[in-house]
2 protein chains.
Amino acid sequence: MSENSYTIWFTGMPCSGKTTIASALFNELKSQGIRHIYHLDGDVVRSGLCNGLGFSILDRMENLHRISEVSRMMNEAGVLVLASFVSPDEQMRSMVKSTIPNLSMVYVKCSAEECEKRDVKGMWKKARMGEIKDFTGVDSEFQEPNDPDLILDTINMSLEECVEKSLALISKLNIKQV
Amino acid sequence: MSENSYTIWFTGMPCSGKTTIASALFNELKSQGIRHIYHLDGDVVRSGLCNGLGFSILDRMENLHRISEVSRMMNEAGVLVLASFVSPDEQMRSMVKSTIPNLSMVYVKCSAEECEKRDVKGMWKKARMGEIKDFTGVDSEFQEPNDPDLILDTINMSLEECVEKSLALISKLNIKQV
């Protein structure tokens, strides 16, 4: 195990701000000199590692299973992983936690109403029109996590605050810069 | 891209020596101070990332597709990847090469007769008895690679020689120790 053997996992509804926060955090950590770091994001893996998988419960589980395995392997190689995935229920998050030994769970909290208003890629609209099935917040439930290590409330906190809080969490983990 | 953004891919028949060479090379590189390195091996991923996949042509393609994606992502995170997989034909190896931008292909060469004689885990025996289907060398073909970057002949070369030749290949890639 190397110094960066850790995963920060961002869970939250679509358009809650997971990818935005993880990307900003990634850039900040890079600028601080952390070189071995990777941002695993839903959109990216679905076009590669997980193409062919849909959004049914079973396909989501398989999606998260593969991502978790990759995170664990990357951690073993000394990479700090930032993972941003809806991961909508406790069963899925438990599977993730049991696969990745060194993990902090960050809940990116935002009301469904606000997420739908943001709708950065028009996904909520498509889900409302029935063009996307099993969309979390529309016809699939999001369960709030029971015991997150950090909550980022993206209605009341700025992006800068969210990044700061994430950095504080990481600094507590005593991850050395390599 | 970091300094270690590279994959060394070992192809060859079952029991040709891929895993043995990659493991020894991994240990040697670790002892030389290369910290961000990962050995992706068939047996390991089949119990995690690729569980549920069999050995049919389609399942092998999907197996190698996932592994290639993981190798590429690890390279992006600055990890030097040693991958040991049968990868039995040119179509599969082409897919691997087109997925991973920085890759050297190492052909671990050994006759089918000698591989079967070694049979370290009794897999050849099981295949001969029909307990494993689509086993490379028994009821599935191994095509020699057209243009490997290195050939390691494990009948005529010792393990030490194979590791030395691999190290020479890596040193030419100018991978810095980080």
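## Interface

The contact draws 16 residues from chain A and 16 residues from chain B. On the side of chain A that touches chain B, strand S2 (37-41) and helix H3 (57-76) of chain A each supply at least two residues. H3(A) gives the largest share of that side, with six residues. By residue class, the side of chain A that touches chain B divides into eight nonpolar, four polar and four charged.

This is a predicted model. Its scores are ipTM 0.88 and pTM 0.90.

## Symmetry

How are the two copies related? Two copies of a chain are related by a rotation about an axis and a shift along it. Here, a rotation of 180° superposes chain A on chain B, with 0.0 Å of shift along its axis. The RMSD of that superposition is 0.0 Å. This is the relation of a two-fold axis.

Which surface does each copy use? Of the interface residues of chain A, 100% are also interface residues in chain B, so the copies meet through the same surface.

## Fold of chain A

Chain A contains seven helices and five strands. Along the sequence, the elements of chain A follow the pattern β-α-β-α-α-β-α-β-α-α-β-α.

## Size and burial

Chain A has 178 residues, and a compact globule with that number would have a radius of gyration near 16 Å. The value for chain A is 16 Å, which agrees. Taken along the principal axes, the C-alpha atoms of chain A fill a box of roughly 50 × 35 × 30 Å.

What percentage of chain A is buried? Buried residues account for 43% of the 178 residues in the chain.

## Confidence

The mean pLDDT of chain A is 91. A pLDDT of 70 or more is reached by 96% of its residues.

Where in chain A is confidence lowest, and where is it highest? The lowest mean, 79, falls in helix H2 (residues 42-46) of chain A. The highest, 98, belongs to strand S5 (residues 150-153) of chain A. Where pLDDT is low, the predicted coordinates should not be read in detail.

Conventions. Residues numbered from 1 in each chain as written. Chains lettered and ligands numbered in written order. Predicted model: local features only at pLDDT ≥ 70, side-chain atom pairs only at ≥ 80, totals over all residues. Helix = DSSP H or I, 4+ residues; strand = E, 2+ residues; numbered from the N terminus. Rg over C-alpha atoms; globule rule 2.2 N^0.38 Å. Buried ≥ 20, exposed ≤ 12 C-beta atoms within 10 Å, placed from the backbone. Contact = placed C-beta atoms within 7 Å. Nonpolar A, V, L, I, M, F, W, Y, C, P; charged D, E, K, R; others polar. Least-squares fit on C-alpha atoms with pLDDT ≥ 70 in both. pLDDT = per-residue confidence, 0-100.
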